[in-house]
Amino acid sequence: KLDGMSNQIRLAVEDLVKLFLNNYSPEVQESMQPEVEKFYSVFHEQIFVALYLAAYHTLRFLSNLLPEVYPRGSQSSAVTDETLEHLTGGLHQLFDIELVLSVPNVKASPSLDRCKACMLQVVRSVIGVTKSVMLWADGEVVPLDEGEEVDPTKTFFPRISSSLNMYKYIAIISGQFDVLSNQVEKYESRFDEFDHLWRENREDVFKKFLSSKPALEDFEDQIKRYEAVERRIEAVPETVKFFVMQLSNESLKYSLMSEATPWKQLYGQQLNTKASSDLQSLTEFMEKTEEELSVEIESLDDVRHVMETLTTLREAEAETDLRIVPIEEMFAMLQHYGVHVAQADAEAVADLRKRFRQINSKALSIQDHLTQVQYDYKRDLISDVRDFVGVVAEYKTDYDKNGPMQPGLSPKDA
């Protein structure tokens with residue numbers, strides 16, 4: 001298209017020259033030929049200037065989209081939240097880059113080197129487009145056939161590409177892109193704070209934690225720690241723009257969350273196991289107590305058995321209350337931090353205090369019942385003891401009178 005427009009200008013100039021020369025004789029036309037050639041040269045040079053300025057301003061425009069090679073202001077090597085806003089200037093987006101976790105590093109896809117190669121190819125293409133614009137031939141228009149090989153030496157390309165300004169902008173844009181790549185790499189390094197998620201061995205760390213015999217607060221501290229990590233990951237913006245680059249963090253955030261969540265679940269599941277075990281132990285104690293308190297009192301043996309149960313319950317009452325509190329706290333913590341808890345356990349915890357009150361109420365009822373029936377059992381016991389004493393006395397008398405110690409009895413009869 002550019003070459004076609006150049007030829008149209010050439011034809012227009014030729015038509016103008018012919019209209020002018022037709023007013024003169026051949027002899028005069030011959031004498032005016034040097035001036036005609038100068039006239040052609042002026043427009044030929046304007047074609048060159050137009051192509052040159054188009055390439056120059058395009059490269060300058062691309063350069064303005066990129067950061068300065070020697071930026072003014074802070075010399076800090078880190079990309080902080082304060083500097084990030086400055087680095088994300090520009091309105092034109094040329095590259096969509098996805099940050100991905102490739103353990104143990106965070107990498108850009110496509111790579112920054114590939115993006116730079118693409119940018120420099122754009123720069124070469126801006127200059128290389130002049131290869132399609134032929135120089136004006138002497139005395140005739142030379143159109144290009146479709147698919148015809150172009151001799152670069154017969155185009156405006158050699159003159160434009162050899163310009164110092166073109167070399168300068170190629171070097172500048174290359175350096176600017178290196179600065180941009182460096183800033184993107186520094187942004188990637190912000191995610192180093194999460195590298196412990198995959199650098200540390202989860203099983204070894206957790207085994208060391210358990211060996212310290214952790215309390216409930218220790219479990220909560222660890223769960224809070226990894227929940228805070230999850231919050232920091234969630235706070236990472238979905239996209240960040242660095243001049244002509246737009247970085248997508250969506251895949252990276254998903255990968256980081258996939259690394260952080262198992263750590264939190266590990267501590268949560270262990271706490272869940274401990275809470276479930278403590279709950280089961282306490283529930284079994286309550287069930288056994290309820291069963292023993294449900295025995296009908298029909299004899300002194302029943303009274304003795306119930307009294308033992310009541311004594312055990314009184315002794316364990318304070319301890320049981322102390323056991324309920326940490327169990328409730330553990331399950332409340334699990335629920336707060338979103339750790340899955342079995343429905344049966346959740347219902348059992350909710351009924352713990354109610355069930356314990358019911359057991360105590362039943363124990364008081366049984367004590368009242370024992371108070372009411374104790375006179376009858378005491379009276380029967382005294383009567384039975386009196387009868388037993390009489391039986392023992394009769395037995396002793398008979399033994400002394402007719403027992404084996406009587407004289408004259410043979411060993412066999414004794």
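His44 lies in helix 3 (residues 33-64), where helices are DSSP runs of H or I with at least four residues, strands are runs of E with at least two, and both are numbered from the N terminus. The model is a predicted one, in which local features need pLDDT of at least 70 and side-chain atom pairs count only at pLDDT 80 or more, while totals for chains, interfaces and linings use all residues. Residues are numbered from 1 along each chain as its sequence is written, and side-chain values use heavy atoms, with hydrogens and water left out.

At 19% relative accessibility, His44 counts as buried; buried means under 20% relative accessible area, exposed over 50%, and partly exposed in between, with a 1.4 Å probe and protein chains only. Leaving aside neighbours within four places in sequence, His44 is in contact (heavy atoms within 4.5 Å) with Leu135, Trp136 and Phe156. A polar atom of the His44 side chain lies 3.3 Å from the backbone nitrogen of Trp136.

The protein chain as a whole has 13 helices and 4 strands, and 34% of its 414 residues count as buried. Met245, when residues up to four places away in sequence are not counted, touches Phe95, Ile97, Leu112, Cys115, Phe177, Leu180, Val184 and Val240.

Side chains of opposite charge can pair when their charged atoms come close. The whole structure holds 13 salt bridges, each defined as a side-chain nitrogen of Lys or Arg within 4 Å of a carboxyl oxygen of Asp or Glu. One of them joins Lys116 and Asp178 at 2.7 Å, N to O; because Lys116 lies in helix 5 (residues 112-128) and Asp178 in helix 7 (residues 164-189), the pair ties together parts that are 62 residues apart in sequence. Lys116 is buried at 19% relative accessibility, whereas Asp178, at 37%, is partly exposed.

Glu227, Glu230, Arg231 and Lys264 are linked in a network of salt bridges.

Note on methods: A polar contact is a pair of N or O atoms within 3.5 Å; within protein, one must be able to donate a hydrogen and the other to accept it, and residues adjacent in sequence count only if both atoms are side-chain atoms.
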